[in-house]
Amino acid sequence: MLKCPDIPSIAAFRDSVYSVVAAIPRGKVMSYGQISDLVDAPGHARLVGHVLSGAPAIYPCHRVVNSVGRTVPGWPEQRQLLEKEGVGFKSNGHVDMKRFRWDPTQLPDIFM
């Protein structure tokens, strides 16, 4: 079992991460760090990635990229899935985070 001293319950953390990922709208992305901040675990972006690596297929994990918009290495389908949803990429192969990053804090009471 994965342990992290400043996260009291990994199960609760996982469920919170899944909840955020499930809410990401089609055609938008979030970063691992953004998600860790939303679930009150700032600084735990890698743990978010670890949790998502074992997520059931019902969650749109393809909508999560790193902070500069880089997709998961070795998962070319991620880009294909994002492009099908209309997510644009810059010439360096990264998601255009200025245009496609989702900020749920701009919506009333969604994760506050």
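**Entry 1: the ground rules and the overview**

What percentage of the 112 residues of the chain count as buried? I found 42%, where buried means under 20% relative accessible area, exposed means over 50%, and partly exposed is in between (1.4 Å probe, protein chains only). I am working with a predicted model, in which local features need pLDDT of at least 70 and side-chain atom pairs count only at pLDDT 80 or more, while totals for chains, interfaces and linings use all residues. Residues are numbered from 1 along each chain as its sequence is written, and side-chain values use heavy atoms, with hydrogens and water left out.

I then read off the secondary structure and noted five helices and two strands, taken as DSSP runs numbered from the N terminus (helices: H or I, at least four residues; strands: E, at least two). Along the sequence the pattern is α-β-α-α-β-α-α.

Next I looked at contacts, meaning heavy atoms within 4.5 Å. Of those between residues at least 6 apart in sequence, 59% join residues at least 24 apart. The chain exposes about 6,700 Å², and carbon and sulfur atoms supply 52% of that; the areas are Shrake-Rupley values with a 1.4 Å probe.

I went to helix 3 (residues 45-53) and found L47, V48, V51 and L52 buried. Why do they sit on the same side of helix 3? They cover an arc of only 140 degrees around the axis, so they share one side; the arc is that of the directions from the helix axis to the C-beta atoms. A reminder to myself: an α-helix has 3.6 residues a turn, so residues three or four places apart point the same way.

On the face turned away from the buried side of helix 3, I noted the exposed residues R46 and S53. The buried residues of helix 3 pack against helix 1 (10-23), helix 2 (32-38) and strand 2 (64-65).

**Entry 2: the nonpolar cores**

Here a nonpolar core is a set of buried Ala, Val, Leu, Ile, Met, Phe, Trp, Tyr and Cys residues joined through side-chain atoms within 4.5 Å. Which residues touch the most other members of the largest nonpolar core? Of its 21 residues, I got F13, V17, I35 and L52. Helix 1, helix 2 and helix 3 each supply at least two residues of this core, and helix 1 gives the most, with six residues.

Leaving aside neighbours within four places in sequence, V17 is in contact with I35, V39, V48, V51 and L52. There is also a second, separate core of eight residues, which includes L82, F89, V95 and M97.

**Entry 3: S36**

I stopped at S36 in helix 2. With a relative accessible area of 1%, S36 is buried. Not counting residues up to four places away in sequence, S36 touches A41, P42, G43, H44, A45 and V48.

**Entry 4: salt bridges**

How many salt bridges are there? I count four, taking a side-chain nitrogen of Lys or Arg within 4 Å of a carboxyl oxygen of Asp or Glu.

- R14 pairs with D15, the closest N and O atoms being 3.3 Å apart. R14 is partly exposed at 33% relative accessibility, and D15 is partly exposed at 43%.
- R79 pairs with E83, with the closest N and O atoms 2.9 Å apart. They are four residues apart in helix 4, so about one helical turn separates them. R79 is partly exposed at 32%, as is E83 at 39%.
- R26 pairs with E85, the closest N and O atoms being 3.7 Å apart. This pair links distant parts of the chain, 59 residues apart: R26 is in the loop between helix 1 and strand 1, and E85 is in the loop between helix 4 (76-84) and helix 5 (97-100).

**Entry 5: around R26**

Buried or exposed: what are the two partners, R26 and E85? R26 is exposed at 58% relative accessible area, whereas E85 is buried at 14%.

I also listed what R26 touches beyond four places in sequence: R63, K84 and E85. R26, R63 and E85 are linked in a network of salt bridges.
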